[in-house]
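Dear colleague,

I am passing on the structure that follows, together with my notes on it. Please read the notes alongside the coordinates.

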Amino acid sequence: GSLECRYDTEFDPEFRFRPGPWYFHWLQGGSCYYFYPVAYAAIAAPFVQLSPDYGYFLLNLLLLLVFVFACAKMCGHLLEDPSAELAGGLIALLVIPAPTFAYELSDMMMAMALFAVALMYAVRGLDLRAPAFDPEEVGREREPQPRPAYLLTSGILLGLAFALRTEALLLACAMGGAMLVLCMYQLVQKGDFRVADAFAFLIGVFVSFGPVVLWQLWFYGDMLGSRGAAHVDVTGEVNVQQRLDIMYTLLFGGSLGLFSALPSAALAFLWLLFGGARRACGAVGWFLFTLSGAYTLAVLITAPNDGGYAWSPRYLAPMLTALYAGILCLVFRWGALRRRWIWRLLILGLCIHAVQFTHQGMQILQQTSRQNLGYSRALQEFPAEHIVFDTAPTIGFLSEDILDSKRLYMALNAEDAQALVNRLRETGVEQFLYLRTPLGPPVFRESMPVTGSTSGRYVSTVQQNVQGMQIHLMRWQGSGGQR
């Protein structure tokens with residue numbers, strides 16, 4: 001396949017009217033390319049070739065199974081209990097919104113699977129195990145038996161994940177920092193400073209991160225890749241008020257907020273704040289929650305936006321595995337849970353809420369798919385070949401059939417809208433469709449005059465409302481009213 005944009009370059013050689021957010025494309029050598037990760041496209045291609053209709057579904061189903069397996073094995077190792085392994089798998093399948101990511105068929109599920117496997121190898125490599133509950137034994141864990149090869153593998157996986165998601169860089173830094181905190185904890189508790197474990201992990205990161213960076217520098221012209229470079233540009237334009245708004249949304253913004261969408265995650269952070277992790281799980285608590293806290297802070301500071309049109313806190317999703325593993329340690333190791341039924345009831349209620357949240361997200365995705373299908377069927381009924389719109393997210397509502405059969409253009413301000421209709425008339429376009437959604441103020445009007453040497457205007461002659469989207473058929477009328 002090709003990453004080159006499906007766009008009429010003869011109509012717009014400067015790509016002024018290319019549809020979608022600007023950071024979904026990059027321009028190089030007079031051509032336009034999509035930002036979608038090449039690594040994911042290369043892995044997904046064989047599945048799509050095998051089955052164009054179900055290839056993506058099969059790939060993401062396999063990735064979901066990998067994610068569930070990694071979470072189960074990690075929790076089983078942490079707690080040395082078969083029931084903990086089963087609980088970890090069920091949490092991954094039902095509580096964490098991973099099935100939502102799998103269903104939407106994006107690179108996010110592949111990244112989630114890689115992150116979970118990397119964390120599993122890190123936990124096994126550090127030989128972290130939550131101590132059995134005994135007030136006299138808390139804080140005196142058995143001597144761990146680190147496995148540098150596992151830590152090396154964990155680092156390599158996170159380095160490779162950078163080719164899929166820029167968050168992998170933040171997660172690698174957070175995990176390296178958590179390992180150093182763990183070293184300090186062991187130094188204070190036992191006088192043993194095992195910094196070699198952290199170095200084994202960092203070597204693994206650099207072994208894979210280096211080639212990925214070099215490849216991205218060669219392919220995209222930027223060491224951070226197309227997405228990373230775009231994120232840096234967008235983040236650099238965020239002012240203080242916008243940063244505070246993004247931080248609030250990522251934590252408390254409804255379905256996009258970590259604590260508002262998944263209150264059980266808030267419980268995990270509070271458990272750390274009040275010392276439950278240190279008392280109940282010692283080194284395990286320090287590692288899991290330092291990792292979660294450091295990653296969350298890094299995302300809050302660097303996120304280019306709040307995640308936009310999505311379900312679940314997807315920017316913070318990579319650390320959900322660590323948070324819920326911590327909650328499982330709380331359930332299995334905290335003595336208060338065995339003495340007070342109210343705590344068990346609270347955790348059960350929060351987990352049920354998380355299950356409901358994930359199920360609701362999958363329902364919304366299904367509804368969105370049906371809605372987008374309705375848009376596409378309505379658009380196919382119009383004879384116009386050209387489609388224009390004035391909000392960047394609109395392109396996400398259109399099916400592949402529309403992307404293939406129509407010519408799409410976007411103008412986000414009045415100046416570009418006027419230039420676009422002028423260009424449409426210069427090329428002899430007699431009619432086009434204008435899509436109006438409630439996502440932003442209208443830029444096009446129902447009567448758009450053409451300026452310059454040609455006298456006349458495009459006028460909305462047919463209007464149709466399809467599930468909230470207004471479709472206007474704009475037809476050319478000359479100065480004398482001729483069409």
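This is a predicted model: local features need pLDDT of at least 70, side-chain atom pairs count only at pLDDT 80 or more; totals for chains, interfaces and linings use all residues.

Residues are numbered from 1 along each chain as its sequence is written, and side-chain values use heavy atoms, with hydrogens and water left out.

The chain as a whole

The chain has 19 helices and eight strands, where helices (H or I, at least four residues) and strands (E, at least two) are DSSP runs numbered from the N terminus. Of its 483 residues, 52% are buried, with buried meaning under 20% relative accessible area, exposed over 50%, and partly exposed in between (1.4 Å probe, protein chains only). Among the contacts with a separation of 6 or more, 69% are between residues 24 or more positions apart, a contact being heavy atoms within 4.5 Å. The accessible surface comes to about 22100 Å², and 61% of this belongs to carbon and sulfur atoms; such areas come from the Shrake-Rupley method with a 1.4 Å probe, and for residues only the protein chains shown count as cover.

The sheet

Six strands form an open sheet of mixed pairing, in the order β4-β3-β5-β8-β7-β6, where two strands pair if DSSP finds at least two bridges between them. Its edge strands, β4 (407-410) and β6 (447-450), each pair on one side only, and the twist averages 25 degrees from one strand to the next. Strands β6 and β7 (residues 456-466) run antiparallel and are joined by four bridges; in β7, Gly456 is the bridge partner of Val450. Helix α19 (residues 414-426) packs on the sheet and touches β3 (386-389), β4, β5 (431-436), β6, β7 and β8 (469-478), its direction making about 70 degrees with that of β6 (axes are lines fitted to C-alpha atoms, for helices over the stretch in contact, and angles run from 0 to 180 degrees between N-to-C directions).

Salt bridges

The structure holds eight salt bridges, each defined as a side-chain nitrogen of Lys or Arg within 4 Å of a carboxyl oxygen of Asp or Glu. One of them joins Glu80 to Arg129, with the closest N and O atoms 3.3 Å apart. Glu80 lies in the loop between α2 (55-79) and α3 (82-95) and Arg129 in the loop between α5 (107-126) and α6 (148-161), so this pair ties together parts that are 49 residues apart in sequence. Both ends are partly exposed, Glu80 at 49% and Arg129 at 22%, and a network of salt bridges links Glu80, Asp127 and Arg129. In the bridge between Glu167 and Arg165 (2.8 Å, N to O), Glu167 is buried at 8% and Arg165 is buried at 7%.

A helix residue and a surface patch

Ser376, in helix α17 (residues 341-380), is buried with a relative accessible area of 5%; leaving aside residues up to four places away in sequence, Ser376 touches Leu398, Ser399 and Ile402.

Leu50, Tyr54, Phe57, Leu58, Leu61, Leu62 and Leu65 make a nonpolar surface patch of about 730 Å². Patches are made of residues with over 30% relative accessible area and no salt bridge, like charges being joined within 9 Å and nonpolar side chains (Val, Leu, Ile, Met, Phe, Trp, Tyr) within 5 Å. Helix α2 gives the largest share of the patch, five residues, and Phe57, which lies in α2, is partly exposed at 48%.

With best regards
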